[in-house]
Amino acid sequence: MSVYTIEKILWEFCEEPDRVKAFLNDPDSYLSHYPLSADELKMVRTMDVSAFDEYGVSNMLGLMSWTALYGNNPLTMFDYLKRMNRGELPNNMQMPTPVFKIMMFAVSVRSAFLRVLQVFGLKKNMN
Amino acid sequence: MAKLTAAFCVPHIPLIASQPNIAPKKKVDIVMNGFAHIRDRMTELKIDTAVVIGDDHYTVFGPHCLPHMLIGIGDVFGPYENWLGHERAPIANNQPLAQHIMGYGFDHGFDWAVAKSLTVDHSTFVPYLKIIKDLEGVKMVPVYIAAGVEPLIKTRRCVQIGEMIHDAIADYDSSERVAIIGTGGLSHWVGAANMGKVNEAFDHNILDMIKRRDIEGLLALKDDDVLNEAGNGALEYRNWLVALGAVTRYTYEMDLICYEPIHSWVTGTAMIELKFAN
């Protein structure tokens, strides 16, 4: 319906932990209560943070809702940054190269593991 | 009458409260020593209350209500965010002074949004934690302006708010000595693709303009340029403009306490004091 609807959905994730559980358990059912266009639905369903950015959703809210859904730890934060950069993880934080390479590897392993869970129907949300 | 006696601008990076040591120790020490220096100055200047200027990060306020300027006149708690790793607790608010600033604003064309009960986010909690909390008897008056979430408050209005806060303090029938603390980072990209980058040239340009008392230069900055060069977080220089506005009645001297580009804290990190005679 609008960027405002998406911001409302994301803000509610940050405010109400029960909503996080409901979304992660059954995102399609959860989002059916909101007036979203097909593109918007896909964006939120997959938590496509770079699409949020292009659509005009607040970056602050994108980041906070991401951590509300998936946890506030280095792995999820770097995964977020990688997605914001469309699959390329930049070393913006100027980590020493070996440490950064380990982080890149860990983020890739996490993504692969989540993909496997999804293939076997053990996880409904990709992230 | 009460007196505005000191003015500072400081960072409010949440990692200062939650995980400071992810930054290099040398840089952490410089910033923590900066906070200690400000605590010493607050003691030396016998400050009773600090008016702390913060901005929300889509945390305290949601899409249903985004105030342009808000003052906490009653109960104050903090922090809002549990991930800061600090238990939420009451914060001593100077309620009579807050209520006076609110009323003075109403009488002079500033339509504050008002919180009778406010739980502050890291923007005012971090300065409280690192400066005010351990200073016996010192209270805080929390002020929020729309510097983080659009629609943003106009920069000139920020200076006017600072001037009004100065005048309200001068109009307050008390012998209290008051500080104003503008908070926030310089260049930083919060949740954006460039998160972690720091634009040192931009940061030094801002500091140079403050040093030269070039308020009009700061007001001439275009939001789109700030956003492109220094990130969405840099728009928080509005918080600093409020502190600068509070001292425009004086010929202040800027004391640069520290500046560090801290990539792991994702922010250009500066602390200044605006010294003036009152």
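Ala, Val, Leu, Ile, Met, Phe, Trp, Tyr, Cys and Pro count here as nonpolar, Asp, Glu, Lys and Arg as charged, and the others, Gly among them, as polar.

## Basis

This is a predicted model: local features need pLDDT of at least 70, side-chain atom pairs count only at pLDDT 80 or more, and totals for chains, interfaces and linings use all residues. Residues are numbered from 1 along each chain as its sequence is written, chains are lettered from A and ligands numbered from 1 in the order in which they are written, and side-chain values use heavy atoms, with hydrogens and water left out.

## Interface

Chain A puts 19 residues in contact (heavy atoms within 4.5 Å) with 23 residues of chain B. The buried area between the two chains is about 1,800 Å². That area is the accessible area (1.4 Å probe) that two parts lose on being put together, summed over both. Carbon and sulfur atoms give 63% of it. In chain A, the residues that lose the most area to chain B are A:Trp11, A:Met60 and A:Asn92, together 37% of what that side buries.

## Pockets

A pocket is an open set of points on a 1 Å grid over the protein atoms alone, with protein on both sides within 12 Å along at least five of seven lines; a cavity is a set where a 1.4 Å probe fits but cannot get out, and lining residues have an atom within 4 Å of a point. Points are joined across faces, edges and corners, and a volume is the space filled by probe spheres set on them. Helices (H or I, at least four residues) and strands (E, at least two) are DSSP runs, numbered from the N terminus.

The largest pocket holds about 990 Å³ of space. It has 41 lining residues, and the closest to its centre are A:Met77, B:Leu15, B:Ile22, B:Ser264 and B:Val266. Elements giving two or more residues to this lining are α6 (59-70) and α7 (74-84) of chain A, with α1 (14-18) and β8 (253-262) of chain B. By class, the lining has 24 nonpolar, 14 polar and three charged residues.

The second largest pocket has a volume of about 580 Å³. Of its 27 lining residues, A:Gly56, A:Val57, A:Ser58, A:Asn59 and B:Glu150 are the closest to its centre. Two or more residues each come from α1 (3-15) and α6 of chain A and from α8 (223-230) of chain B. α1(A) gives the most, with three residues. This lining divides into 16 nonpolar, eight polar and three charged residues.

## Cavity

The structure holds one cavity of 30 Å³ or more. The largest cavity has a volume of about 90 Å³. Its lining includes B:Asp56, B:Phe61, B:Tyr144 and B:Pro151. The classes are 10 nonpolar, one polar and one charged.

## Helix α4 of chain A

In α4 (residues 38-45) of chain A, A:Glu40, A:Met43 and A:Val44 are buried. Buried means under 20% relative accessible area, exposed over 50%, partly exposed in between (1.4 Å probe, protein chains only). The three cover an arc of only 90 degrees around the axis, so they sit on the same side of α4(A). The arc is that of the directions from the helix axis to the C-beta atoms. A:Ala38 and A:Lys42, on the other side, are exposed.

The buried residues of α4(A) pack against α1, α2 (17-25), α3 (27-31) and α5 (49-55) of chain A. Just after α4(A), A:Met47 takes a positive phi of about 45 degrees.

## B:Ile53

B:Ile53 is in strand β2 (residues 49-54) of chain B. B:Ile53 counts as buried because its relative accessibility is 0%. Beyond its neighbours within four places in sequence, its contacts include B:Thr124, B:Ile165, B:Asn239 and B:Val242.
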